[in-house]
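Have the model open as you read.

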Amino acid sequence: MRLDKFMSAAGVSSRKETALLVKKGRILVNGIPAKKPDMHIDPSDPVTLDGVPVIYREHIFIMMNKPLGIVSATEDPNEKTVVDLLPEQLQRQHLFPCGRLDKNTTGFVLLTSEGQLSHRILSPKRHVEKTYRFTVKYPLSPDDIVLLSAGVTIKADSHASEWKTAPCTVSVDKTDPTSGEIILTEGKYHQIKRMMEAVHNQITSLSRISFAGIDLDPALALGEWRFLTDAEEKMLRYAADT
Ligand code: URA
């Protein structure tokens with residue numbers, strides 16, 4: 001791959017800018033100053049600009065632990081978005097969140113530039129699992145759990161129409177029936193909040209802990225991110241194709 005193509009694909013510099021940076025000796029390939037902007041490199045060669053590693057990946061998949069107050073969008077005129085939490089170089093790579101979490105929901109957001117894969121993962125036909133930890137205002141009774149698990153009818157509002165939720169898995173903690181986990185295979189607007197309202201309860205906190213069989217890395221603090229591992233990427237592709 002040409003160095004200037006690599007630099008622009010990495011979101012670092014245009015072809016013109018790369019030529020200038022090479023002239024100034026600011027780009028090193030394998031620790032040696034690059035001689036020409038059109039020199040051929042192996043995309044796995046270590047490349048640095050002013051000593052800072054240039055990250056290039058053909059396919060980018062990012063696991064982020066979304067904090068409260070951040071919107072799941074690429075840009076927003078008033079709010080900070082999940083893309084804003086990434087380094088500038090990655091912000092230029094046309095990444096977008098695969099599915100949405102509400103502003104006041106925390107946890108696993110997947111960011112990618114692969115539109116096709118994202119589309120397949122989110123397709124209602126695939127029934128991709130998403131697991132959330134929740135707390136609610138009032139204890140969930142065994143009857144509530146039966147109702148929620150079988151599917152409840154969600155009332156229409158100005159954002160969404162009435163619908164019956166698909167069967168799902170709900171459990172509460174042994175010692176605290178106001179907290180638990182829910183596994184959904186669909187992703188409708190404010191789904192869990194509205195499901196809890198359907199059983200006369202109220203979500204007090206919500207966090208996604210798993211997506212398409214991939215668990216949120218407990219080492220990621222709120223606002224932190226990392227690339228998916230090869231094994232996680234394989235799981236994602238499997239979920240998108242089955
Ligand atoms: N259900 C909700 O109500 N909110 C989310 O963010 C995700 C699922």
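Start at the contact itself: 16 residues of domain 2 are in contact with nine residues of domain 3, where contact means heavy atoms within 4.5 Å. This is a predicted model, in which local features need pLDDT of at least 70 and side-chain atom pairs count only at pLDDT 80 or more, while totals for chains, interfaces and linings use all residues. Residues are numbered from 1 along each chain as its sequence is written, and side-chain values use heavy atoms, with hydrogens and water left out.

To find the pieces, look for domain 1 at 3-53, domain 2 at 61-124 + 213-241 and domain 3 at 130-211; these bounds come from an automatic or database domain assignment. Taken over C-alpha atoms, the centres of domain 2 and domain 3 are 22 Å apart.

How much area is buried between domain 2 and domain 3? About 1100 Å², with carbon and sulfur atoms giving 44% of it. Buried area here is the accessible area (1.4 Å probe) that two parts lose on being put together, summed over both.

Now for the charges. Domain 2 and domain 3 have one salt bridge between them, meaning a side-chain nitrogen of Lys or Arg within 4 Å of a carboxyl oxygen of Asp or Glu. K193 forms a salt bridge with D102, and their closest N and O atoms sit 2.7 Å apart.

On the domain 2 side that touches domain 3, β7 (106-112) and β14 (214-215) are the elements giving two or more residues; strands are DSSP runs (E, at least two), numbered from the N terminus. The largest share, five residues, comes from β7.

How values were computed. Helices (H or I, at least four residues) and strands (E, at least two) are DSSP runs, numbered from the N terminus.
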